[in-house]
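Student: Could you take me through the features of this model, giving the general idea before each case?

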Amino acid sequence: MNECLFCKIVRKEIPAALVYEDDHLLAFKDIFPQAPVHLLIIPKAHCENLGDQTPEIAAAAARIPQVAAKLAADHGVQSSGWRLLCNCGQDAGQVVFHLHFHLLGGKHLGGKLCQ
Ligand code: AMP
Ligand code: ZN
């Protein structure tokens, strides 16, 4: 996936503010933050969204909630609260078609899942 923006971040071809990395996952700050804490957690291997995961990517992505909880603690929002969400496809507003989870916190995020 040579032209995929997040694959380029994985390959360190374009810069990102990395906050976590292991063999299969990467996390970095969202470039247009919607909250004081807005991180993106991605599998390093490319897939478009939760709808086209390979078993290998699914195994890596299964650890994302655990990594998110660690990052929430690291960024001081464990007790105040945080949200982990994943946009899949057009109606969800997905813009970057490399599977990613948004970790949001640091302000009241509102009670609605859609508006
Ligand atoms: P989504 O709408 O779920 O596809 O979200 C894509 C997210 O990627 C948006 O919140 C963007 O602000 C974010 N984004 C786009 N380009 C970059 C980048 N170069 N570095 C960090 N975040 C980015
Ligand atoms: Zn990609």
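**Helix, sheet and metal site**

Tutor: Helix α3 (residues 64-74) lies across β1, β2, β3, β4 and β5 (101-105), and runs at about 150° to β4. Contact means heavy atoms within 4.5 Å; axes are lines fitted to C-alpha atoms, for helices over the stretch in contact, with angles from 0 to 180 degrees between N-to-C directions. Helices (H or I, at least four residues) and strands (E, at least two) are DSSP runs, numbered from the N terminus. This is a predicted model, in which local features need pLDDT of at least 70 and side-chain atom pairs count only at pLDDT 80 or more, while totals for chains, interfaces and linings use all residues. Residues are numbered from 1 along each chain as its sequence is written, chains are lettered from A and ligands numbered from 1 in the order in which they are written, and side-chain values use heavy atoms, with hydrogens and water left out.

Student: In what order do the 5 strands form the open sheet?

Tutor: Strands of a sheet pair through backbone hydrogen bonds, either parallel or antiparallel. Here the order is β1-β2-β3-β5-β4, with antiparallel pairing, where two strands pair if DSSP finds at least two bridges between them. β1 (18-21) and β4 (82-85) are the edge strands, each pairing on one side only.

Student: Which residues coordinate the zinc ion (ligand 2)?

Tutor: Donors are N, O and S atoms within 2.8 Å of the metal (3.2 Å for Na, K and Ca), and since water is not among the atoms, sites may look incomplete. The zinc ion (ligand 2) is coordinated at 2.1 to 2.3 Å by Cys4 (SG), Cys7 (SG), His46 (ND1) and His98 (ND1). Cysteine 7 lies in helix α1 (residues 5-10) and histidine 46 in the loop between β3 (37-43) and α2 (55-61), so the pair ties together parts 39 residues apart in sequence.
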